[in-house]
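Trainee: Hi, could you walk me through this model? I'd like to go one spot at a time.

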Amino acid sequence: MRALFLAILLLVTLPFAAFAVQPDEVLDNAALEARARQISQKLRCPVCQGENIDESNAAISRDLRLYVRERLVAGDSDTEVIDAVVSRFGEFVLFEPRARGGNLLLWLAGPLMALVALLVAWRFLRGRAGLQSPPSDLSDAEKDRLRQIMRD
Amino acid sequence: MIAELGHFALILAFAVSLYQMTVPMIGAAKGWPGWMDSARPAAMAQFLLTGVSFAALTVAFVTSDFSLKLVYENSHTAKPMLYKISGVWGNHEGSMLLWVLILALFGAAAAAFGGNLPPSLRARVLGVQASIGAAFYAFIIFTSNPFLRLANPPFDGRDLNPLLQDPGLAFHPPFLYLGYVGLSMAFSFAIAALIEGRVDAAWARWVRPWTLAAWMFLTIGIALGSWWAYYELGWGGFWFWDPVENASFMPWLLAAALLHSAIVVEKRESLKSWTILLAIMAFGFSMIGTFIVRSGVITSVHSFASDPARGVFILAILAVFAGGGLTLFAVRAGEMTAKGVFQPVSREGALVLNNALLAVSAFVVFIGTMWPLFAEMMWDRKLSVGAPFFNQAFTPFMIALALVLPIGAIMPWKRATLSRALRPLRGALLFALAVMMLVFAVSTGRSAIAVIGAGLGAWLIAGSVAELMLRTGRSGWSRILRLPRADWGKAVAHSGLGVTFIGVGLLTAWQTEDVRVARIGEPFDMSGYQITLTDVSEVQGPNYVSTMATMDVARHGRTVATLYPEKRVYPVQAMPTTEAAIDNGIFRDIYLVIGDEQADGGWAVRSYIKPFANWIWAGSILMALGGLISLSDRRYRVAAGARRAQPASVAAE
């Protein structure tokens with residue numbers, strides 16, 4: 001059973017052995033090809049672990065790459081191509097989540113957090129500036145010792 | 001027999017860690033010196049026992065003892081010796097054993113070099129360290145025992161995943177773990193300080209070298225991983241924002257923040273509670289990283305065979321330590337009174353900004369990594385967050401950081417003015433602008449990344465040079481060599497960041513790629529190079545079959561390099577891998593990949609010219625080197641020696 005499984009695995013993986021974009025996929029039109037590559041890098045291979053279809057060796061990724069190019073040649077815009085793929089496979093294949101609905105929170109989290117951090121930092125800094133230096137609770141001998149260490 | 005010995009040693013180490021986490025703690029609470037000091041031999045014993053256990057597992061791998069389940073599942077007699085040894089940690093159980101070995105190593109190091117610590121602090125640090133150890137020993141013994149035997153040993157093993165059969169495996173995980181686990185020292189110091197209720201300049205001075213060391217190892221570990229991915233995966237990407245990469249990147253960002261905030265505690269006795277919080281979070285994120293890799297909640301190329309039971313166990317460990325640490329922090333943080341008074345525009349202020357930027361960027365990485373999990377739980381939506389998101393959401397913070405870094409670094413403590421800080425940087429600013437214009441002129445019509453990356457990189461490097469010159473004053477070379485090593489370390493590390501910026505910017509913007517069918521003997525042109533496929537042959541490796549191409553690269557009629565890209569198949573695992581062939585250069589890499597034979601006789605060939613690729617890792621090495629120089633600074637050693645001479649003045653910390 002195991003041997004059979006291995007044999008099947010060999011059959012499936014070998015034709016696409018570790019080579020993503022095949023030469024026969026490349027479009028003659030360099031501008032279209034560049035757009036296809038850009039789009040491919042935003043689409044996740046539905047069956048692999050965290051690879052985009054541009055890097056993936058899976059058969060389905062090849063099909064998707066060809067599909068993307070087909071749509072581009074037919075005159076679709078980038079958004080239309082991506083929408084078409086997403087409508088088939090769901091938003092799971094989108095590596096760049098759309099900034100709407102709940103996902104808006106994801107996109108805004110960074111800037112919002114930065115705002116909060118800067119506000120907190122600013123308040124802290126203002127507070128520091130307004131303070132008087134508190135009296136030191138070290139004895140004179142300790143201060144000397146500290147000074148000696150800090151000088152080294 | 002040897003395996004059982006290893007198993008037994010591991011159980012003994014667990015027992016010793018249980019002793020070490022209780023007795024010295026009680027001793028510290030009651031003020032009993034004997035109980036406190038027993039932590040030191042215990043830490044040594046723990047390290048020794050874990051070492052024996054690790055050695056036993058290594059022997060099993062080296063001698064291909066397939067009666068051990070782990071060896072059977074991850075090794076093979078035909079596997080080269082290097083991978084038999086590094087294969088010890090190329091799997092879940094073995095890598096956890098390496099993890100606790102390093103944990104015990106740090107404990108033993110703290111026991112050995114902690115002679116200058118006050119006894120109660122030392123006892124508590126070692127006690128906390130041992131409690132982390134105990135949790136992970138239990139994890140290994142109860143859920144991931146590497147010493148399980150098979151009733152009927154097979155003749156041969158199932159071999160190691162071919163992607164891992166690379167020298168990278170020998171170095172990448174150990175360095176990464178040294179970094180991850182090294183942060184446990186900062187954590188232990190933070191918890192011990194919370195229990196003691198005292199954080200001061202001396203505490204910061206003790207905790208900083210450990211953090212610095214951990215950060216350095218983490219830098220090297222991440223850089224090695226990135227370099228490995230670059231040459232192994234066959235398309236020359238250097239960073240994928242994969243969940244596991246993110247898991248190592250978050251602690252790195254927080255450790256970098258911790259390093260800088262500890263400076264403020266040391267020099268100015270301020271930012272104390274924030275520094276403690278950072279120490280707890282940095283190690284907390286190390287453990288989150290472990291959780292992500294081991295539990296399989298987030299799928300990734302790095303995941304070892306994942307198991308929900310293990311995930312739950314690690315989640316429990318995480319909850320106890322991060323949760324416990326944060327609770328303790330909430331209770332005790334109020335007692336940390338800040339002393340230093342300073343103006344917002346000052347070195348302190350700049351370091352606060354540094355911390356804000358680093359912490360927020362770590363937060364962005366965190367939320368992006370966890371978002372798919374979150375979305376699935378909240379809305380039952382299966383979605384992905386990948387490189388396009390991180391590139392847009394994360395990069396702005398790095399740009400801001402690089403912009404302010406040289407200015408902040410040159411500011412004096414307490415009070416500064418922007419105009420005075422900028423004066424010595426005028427040259428650096430002009431230099432950076434010149435570099436930007438040059439890059440812009442060379443790369444007309446291409447993306448802004450090159451201009452921004454190179455400009456910021458030049459700004460960072462020139463800013464570091466300007467700062468060194470400022471510190472030197474007019475007295476020239478004799479003084480520049482006598483500057484404190486900490487100043488040199490800072491300059492080297494900051495320049496390293498600049499070098500990495502240049503590498504990332506120029507590589508991303510300028511790399512060129514060519515995919516085609518090449519026929520043997522027919523050259524093709526690519527970005528000024530003529531590449532010829534001269535031969536393809538079958539080569540038998542020790543445990544694989546390789547299709548090896550011979551390719552000549554010429555420029556202006558002169559041969560630049562002859563490269564041998566390979567395509568390998570490892571029969572035992574039935575897995576193909578690409579072995580790209582790379583001609584490394586200072587200003588460009590030539591990167592060739594061979595694909596499949598075509599029906600009409602040619603071969604699929606992929607070629608890349610990758611400008612400034614090596615700068616990414618050269619910069620990382622410089623950063624780590626800067627850390628090392630800083631670590632060798634006199635004051636860490638002098639203060640240590642001076643304390644031994646005058647043990648009576650403990651209160652002066």
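Trainee: Is B:Ser527 buried, exposed or partly exposed?

Mentor: B:Ser527 is partly exposed, because 17 other C-beta atoms lie within 10 Å. The scale calls a residue buried at 20 or more other C-beta atoms within 10 Å of its own, exposed at 12 or fewer, and partly exposed in between, with C-beta atoms placed from the backbone. Before we go on, this is a predicted model: local features need pLDDT of at least 70, side-chain atom pairs count only at pLDDT 80 or more, and totals for chains, interfaces and linings use all residues. Residues are numbered from 1 along each chain as its sequence is written, while chains are lettered from A and ligands numbered from 1 in the order in which they are written.

Trainee: Thanks! Where is B:Ser527 placed?

Mentor: B:Ser527 lies in the chain B loop between β2 (524–526) and β3 (529–540). Helices (H or I, at least four residues) and strands (E, at least two) are DSSP runs, numbered from the N terminus. The phi of B:Ser527 is positive, near 45 degrees, and this residue is not a glycine.

Trainee: Which loop holds B:Lys414?

Mentor: The one between α14 (387–410) and α15 (418–422) of chain B. B:Lys414 has 15 C-beta neighbours inside 10 Å, so it counts as partly exposed.

Trainee: New topic: how many residues does helix α8 of chain B have?

Mentor: Helix α8 (residues 167–196) of chain B has 30 residues. From first C-alpha to last it reaches 45 Å, close to the 44 Å expected at 1.5 Å a residue; the expected span is 1.5 Å times one less than the number of residues. After α8(B) comes B:Gly197, with a positive phi near 75 degrees.

Trainee: And how many residues of α8(B) are buried?

Mentor: 24 of the 30 are buried, so α8(B) is largely enclosed by the rest of the structure.

Trainee: Which residues touch the most other members of the largest nonpolar core?

Mentor: They are B:Ala186, B:Leu254, B:Ala255, B:Ala279 and B:Ala282, in a core of 210 residues. A nonpolar core is a set of buried Ala, Val, Leu, Ile, Met, Phe, Trp, Tyr and Cys residues joined through C-beta atoms within 7 Å. Helix α9 (residues 201–232) of chain B gives the largest share of this core, 19 residues. A second, separate core has 22 residues, including B:Ile531 and B:Trp603.

Trainee: What does B:Ala186 touch?

Mentor: Not counting residues up to four places away in sequence, its partners include B:Val207, B:Trp210, B:Ala279 and B:Phe283. Two residues are in contact if their C-beta atoms, placed from the backbone, lie within 7 Å.

Trainee: Let's switch to chain A. How many helices and strands are there?

Mentor: Chain A has six helices and zero strands. Buried residues make up 26% of its 152 residues.

Trainee: What about the confidence of chain A?

Mentor: Its pLDDT, the predictor's confidence in each residue from 0 to 100, averages 77, and 80% of the residues score at least 70. Over residues 1–18 of chain A, pLDDT stays under 50.

Trainee: Last one: where is A:Val73?

Mentor: A:Val73 is in helix α3 (residues 59–73) of chain A. Leaving aside neighbours within four places in sequence, A:Val73 is in contact with A:Leu27 and A:Leu32.
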